[in-house]
Amino acid sequence: MKAAVVNEFNQELEIKEVPIPELAYGEILVKIKACGVCHTDLHAAHGDWPVKPTLPLIPGHEGVGIIEKVAEGVTSLKVGDRVGIPWLYSACGECEYCLTGRETLCPDQLNAGYSVNGSYAEYCKAPAKYVVKVPEGQDFAEVSPIFCAGVTTYKALKISGAKPGDWVAIYGIGGLGHVALQYAKAMGFNVIAVDIQDDKLELAKELGADITINGMKADPIEDIKKKVGGVQAAISVAVTKKAFEQAYSSVKRGGTLVVVGLPNDVLPIPIFDTVLNGITVKGSIVGTRKDLMEALEFAKQGKVKTNIETKPLKEINEIFQRMEKGQINGRVVLTLE
Ligand code: NAD
Ligand code: ZN
Ligand code: ZN
């Protein structure tokens, strides 16, 4: 099968023929139809994070397609079913986190396109228990980003503590941010979208943001304080420290900063302000299978629409270059025959 492979960090991915994965007990083989390109894949290819993937690696954790084969022990799915393979590739099912509905914190989890091969390929295998069905009638390319960008931001908003009627700020209107703001609206929040590029903010307006702020042209902290007195929750899905600092400072007393973007950096937090203002800072990592099913339902009902650009697998290196320069509005989705 054809796949895009990271052979070495910071080198171009190689498009090459590799063997179709062999199934083990309980696994399924998916003929991949589409896979969104998440900024995490770029971090993986660069070896940006303290825990690095083992190379060679096939990235991709928004892969969706049709089951072509099922191994022994698979009872919940059959050949022909439409599924997606998310970042949470598998978890142990037995630890305190798995047992308490917090499987994304499982210390023994595997991650698609990071600790195991992902979906930048014609086929990807996965344990049947951890894939999630694509709702009927949903287009593969359009639904693909829900498997990471969608579920991640939906979950971040869910744990933010914001309630309908509250103001929420989304920092970074990229692949994650452009769906984050739609989930936020659908959940009944008032939304402020912050980015450093006008085209991203135009998209945010079209998708329903109540207020947009260009962080290069105005000070988002002052602007937010002036317009709404601070937000109940700020979700930072940008890849720069500055955005996190600004997001922290735009939260009002008793509010929450949800940390989602993953620049390899530190976020210095003022102790005095955090204590006196009762600020909560929370990390949020993707979402459970149940969160993903809920996130997919929003998309199925048309409450959340992905803004996608489809491209062939062979263009992955150009796509990564554009992503690094911030030249993607929404999500690029690789489509495979
Ligand atoms: P992206 O490149 O599509 O979007 C990033 C956006 O941030 C761009 O629109 C960019 O213009 C904007 N930005 C840059 N600097 C900014 C600033 N100072 N203020 C406001 N906006 C700014 O990336 P993505 O695919 O949306 O991923 C974003 C980050 O989220 C990555 O670090 C990725 O690894 C991480 N991520 C985390 C999780 C999780 O579970 N926590 C899941 C998926 C992705
Ligand atoms: Zn992702
Ligand atoms: Zn576990």
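What covers the buried residues of helix 1? I started there. Strand 3 (27-36) and helix 11 (316-324) are among what covers them.

**Ground rules.** I am working on a predicted model, where local features need pLDDT of at least 70, side-chain atom pairs count only at pLDDT 80 or more, and totals for chains, interfaces and linings use all residues. Residues are numbered from 1 along each chain as its sequence is written, chains are lettered from A and ligands numbered from 1 in the order in which they are written, and side-chain values use heavy atoms, with hydrogens and water left out.

I took helices (H or I, at least four residues) and strands (E, at least two) as DSSP runs, numbered from the N terminus. Contact means heavy atoms within 4.5 Å. Buried means under 20% relative accessible area, exposed over 50%, partly exposed in between (1.4 Å probe, protein chains only). Helix 1 spans residues 39-46, and seven of its eight residues are buried. Among them I noted Leu 42, His 43 and His 46. Just after the helix, Gly 47 has a positive phi of about 60 degrees.

**Zinc ion (ligand 2).** I looked up its protein donors: Cys 38 (SG), His 61 (NE2) and Cys 148 (SG), at 2.0 to 2.3 Å. Donors are N, O and S atoms within 2.8 Å of the metal (3.2 Å for Na, K and Ca); water is not among the atoms, so sites may look incomplete. Cys 38 sits in the loop between strand 3 and helix 1, and His 61 in the loop between helix 1 and strand 4 (63-70), 23 residues apart. Cys 38 is buried at 3% relative accessibility. His 61 is buried too, at 1%. The Leu 55 to Pro 56 peptide bond is cis, with omega near -5 degrees.

**Zinc ion (ligand 3).** Four cysteines donate through SG: Cys 92, Cys 95, Cys 98 and Cys 106, at 2.3 to 2.4 Å. Their spacing reads C-x2-C-x2-C-x7-C. The site is tetrahedral, with angles of 105 to 115 degrees; the cut-off for four donors is all angles between 85 and 135 degrees. Cys 92 is partly exposed at 29%. Cys 98 is buried at 16%.

**Positive phi.** Which non-glycine has phi of about 65 degrees? Asn 10 does. Asn 10 lies between strand 1 (2-5) and strand 2 (14-17), and is exposed at 53%. Val 286 has phi near 30 degrees. Val 286 is buried, at 9%.

How values were computed. Tetrahedral: all angles 85-135°; square planar, octahedral: opposite > 155°, others 65-115°.
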